[in-house]
Amino acid sequence: MTEGKRLKIRARDAEDIRTLSGLLQDSLAPVCDVAYLREEKRFVLVVNRFCWEMLPQELRERALSAPDTPEGQAEQDDVSFEDVDDLPTFHRVNTGLCFDKVKSVQTKGVDLKNKDEILNLLTVAAIPGYITLHFSGGAAIRLVVSQIRCHMDDISEPWPTLYQPRHSLDDADKEQGQNTAADAGHEDKSDHPKGEHSEGTRSPEEA
């Protein structure tokens, strides 16, 4: 993507969700911009998305390393105009996400009433009947869906930032293993709402 061009993507199957997940990694999701529209069977959120697609390939590969935020610059700070020509810059953009065909929503480690909380989105995973948004700290939002119907739209122009999210290889492998196990558990225990599956999980009404 060139600067100024906005992404608009639709997801209809698990492979599409994997593509979406890569673009959404390390997005910041304010809880105040998260909503389940029950009557419309729709789950929506607005995130502050890091523009991975704007990075050269070598910089994407370097993302699996220790952070190298410039000295004296706080993580996730935006770039001031005088710094743009002197320091390496990356980009973020506001992005809207909409999931349709949502029958119910459950949360783990997420308080939807705490509108001041900001969630750090790590991955989005799909298995038959479920789409799960995994956040840092083990938090998750699970959507029970009849079909995969999702679209992602950038709703602002990208802006420069000095901070590129980084992860160690060990952390990435560990997180992927935890997410896979969690999704498998959701699938295996879906017929037992009062069992271990439901512990630590709340519907939006209970949250």
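Visitor: What makes up the largest nonpolar core, and which residues have the most contacts inside it?
Guide: In this predicted model, the largest nonpolar core has 33 residues. Those with the most contacts inside the core are Phe43, Leu45, Phe99, Ile131, Leu133 and Leu143.

Visitor: Which elements each supply at least two residues of this core?
Guide: They are α1 (14-24), β3 (34-37), β4, β5 (90-108), β6 (118-127), β7 (130-135) and β8 (140-154). Strand β8 gives the most, with 6 residues.

Visitor: What does Phe99 touch, apart from residues up to four places away in sequence?
Guide: Phe99 touches Lys41, Arg42, Phe43, Leu45, Ile131, Leu133, Leu143, Arg149 and Cys150.

Visitor: Why is Arg49 called buried?
Guide: Buried means under 20% relative accessible area. Arg49 has 0% relative accessibility, and therefore counts as buried. Arg49 belongs to strand β4, residues 42-50. Leaving aside neighbours within four places in sequence, its contacts include Leu7, Leu23, Leu24, His91 and Met152.

Visitor: How do you know that the side chain of Arg49 makes a polar contact with the side chain of Glu53?
Guide: The cut-off for such a pair of N or O atoms is within 3.5 Å. The side chains of Arg49 and Glu53 make their polar contact at 2.9 Å. A further polar contact joins the side chain of Arg49 to that of Asp154, at 3.0 Å.

Visitor: Is Thr161 buried or exposed, and what makes it so?
Guide: Thr161 is buried, because its relative accessibility is 1%, and the limit is under 20%. Thr161 is found in strand β9, residues 159-161. Its side chain reaches the backbone nitrogen of Tyr163 at 3.4 Å.

Notes
Residues numbered from 1 in each chain as written. Predicted model: local features only at pLDDT ≥ 70, side-chain atom pairs only at ≥ 80, totals over all residues. Heavy atoms only, no water. Helix = DSSP H or I, 4+ residues; strand = E, 2+ residues; numbered from the N terminus. Buried < 20%, exposed > 50% of the residue type's maximum accessible area, 1.4 Å probe, protein only. Polar contact = N/O pair within 3.5 Å; in protein donor to acceptor, adjacent residues only side chain to side chain. Contact = heavy atoms within 4.5 Å. Core = buried A, V, L, I, M, F, W, Y, C linked by side-chain atoms within 4.5 Å.
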